[in-house]
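Keep the structure in view as you read.

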Amino acid sequence: MGTPEFAVPSLRKLVEKQYNVVAVVTAPDKPQGRGKKLGTSPVKDYALAANLPVLQPTNLKSPEFIELLKSYESDLQVIVAFRMLPESVWSMPKIGSFNLHASLLPQYRGAAPINWAVINGEKESGVTTFMLKHEIDTGSIIFQEKEPILEDDTAGTLYERLMNKGADLVVKTVQAIQSNDYQLIPQTEPDKQKHAPKIFRQDCEINWAQPAEKIRNFVRGLNPFPAAWTTLDGKVLKVLSVENTTQKSTKTPGSIVSEHNQVFVHANDSILRITELQLEGKRRMKDEEFLRGYNLAESTLSFPS
């Protein structure tokens, strides 16, 4: 059970290892792009190419879907980047259902663990497999693998590594369950819980009054999607990449200037260089290219108070 690109390597490796994948459950097709043509999920695309039955329920509790799912008589369900399941679904197989989560649980439970780990300046992340139960992301841990977060990692680069490391962990977990060679470890509640809630557009606006390094992590954690943004001359400016110059800020936070064909913004302690950006209605570009087509008079970027 899965929908986005993140789930594809896990499914592919199970197929390549010749496990008997009896069916794949993914999201319904939905309109995509400007033409609003019905688009299929990456998981569906792979499943069809591998000649696997594909189920796309709109209602996971519907009697029709439950009966159809039962007909496959699965021993185990593997969930990777899917939606919240009702108990009637996750408790159906003889062995149960396990989930792959892109964090070192119990930290970063929620929909956006990769983004939040980078935003918060963490030095380490990882992947966890755990058995499903009622409360989301709280089931007993089967296996975990750690992954360092590098200084220049973005959510995108970390996503790629965790996606592939997670696929290997899924196969390891299935092998261990098959041979009954694993031990469930209950999650213990940490002294300080870090959460990973879903990120909405309004959460992505940059606050230039914060320290430069905090802003740099914020931009990294939202790159490439959904992207940090600010407002320049009344237009939305996506900020895709920044560098902390560590030069002391001498202007009001949010002051944006161009020097030597480069774009600089003052934070509350030091100056950031915006190295890649995208102005509303334009394509993404490097700061030098942006300045060739935009007369950046000294101004101040707006930000939330």
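**From pockets to cores**

Start at the second largest pocket, where 27 residues form the lining and Asn20, Val21, Leu76, Gln77 and Val78 lie nearest the centre. This is a predicted model. The space in this pocket comes to about 720 Å³. Helix H1 (8-16), strand S1 (24-25), S5 and H6 each give at least two residues to the lining. S5 supplies the largest share, four residues. By class, the lining holds 19 nonpolar, six polar and two charged residues.

Now turn to the largest pocket. About 1700 Å³ of space lies there. Its lining has 48 residues, and Pro4, Ala81, Phe82, Ala111 and Ala112 are the closest to the centre. Strand S2 (30-32), helix H4 (87-90), S6, helix H5 (113-119) and helix H6 (155-178) each contribute at least two lining residues. The classes here are 27 nonpolar, 12 polar and nine charged.

Which residues of S6 lie on each side? Gly96, Phe98 and Leu100 are on one side, with Ser97, Asn99 and His101 on the other, and both faces are covered. In a regular strand, side chains alternate between the two faces of the sheet.

S6 also has strand partners. S5 (residues 76-80) runs parallel to S6, joined by five bridges. Within that pairing, Val78 has Phe98 as its bridge partner. Strand S7 (residues 124-131) pairs with S6 in the antiparallel sense, over four bridges. There, Asn99 stands opposite Phe130.

Val78 and Phe98 lead on to the largest nonpolar core. That core has 37 residues, and Phe6, Leu11, Val78, Phe98 and Val170 have the most contacts inside it. Among the elements giving two or more residues are H1, helix H2 (42-49), S5, S6, S7 and strand S8 (141-148). H6 gives the most, with 10 residues. Nonpolar side chains tend to be buried together in soluble globular proteins.

What does Val78 touch, leaving aside neighbours within four places in sequence? Val78 is in contact with Met1, Leu14, Phe98, Val170 and Val174. A second, separate core has 31 residues, including Ala267, Leu277, Leu291 and Tyr294.

Next comes strand S13 (residues 270-279), which holds Thr275. Thr275 counts as buried because its relative accessibility is 12%, under the 20% limit. Beyond its neighbours within four places in sequence, Thr275 contacts Ser241, Val242, Glu243, Met285, Lys286 and Asp287.

The backbone has some details to check. A cis peptide bond joins Asn223 and Pro224, with omega about 10°. Pro224 sits in the loop between helix H7 (212-221) and strand S9 (228-232). The bond from Phe225 to Pro226 is also cis, with omega near 5°. Pro226 lies in the loop between H7 and S9.

Two residues other than glycine have positive phi. Gln18 has phi near 65° and is found in the loop between H1 and S1. Tyr108 has phi of about 60° and lies in the loop between S6 and H5. Is each of them buried or exposed? Gln18 counts as exposed because its relative accessibility is 73%. Tyr108 counts as buried because its relative accessibility is 5%.

Notes: Residues numbered from 1 in each chain as written. Predicted model: local features only at pLDDT ≥ 70, side-chain atom pairs only at ≥ 80, totals over all residues. Heavy atoms only, no water. Buried < 20%, exposed > 50% of the residue type's maximum accessible area, 1.4 Å probe, protein only. Pairing = 2+ DSSP bridges. 1 Å grid on protein atoms, 1.4 Å probe; cavity = no way out; pocket = protein on both sides within 12 Å on 5 of 7 lines; lining within 4 Å. Points joined across faces, edges and corners; volume = space filled by probe spheres on them. Nonpolar A, V, L, I, M, F, W, Y, C, P; charged D, E, K, R; others polar. Core = buried A, V, L, I, M, F, W, Y, C linked by side-chain atoms within 4.5 Å. Contact = heavy atoms within 4.5 Å.
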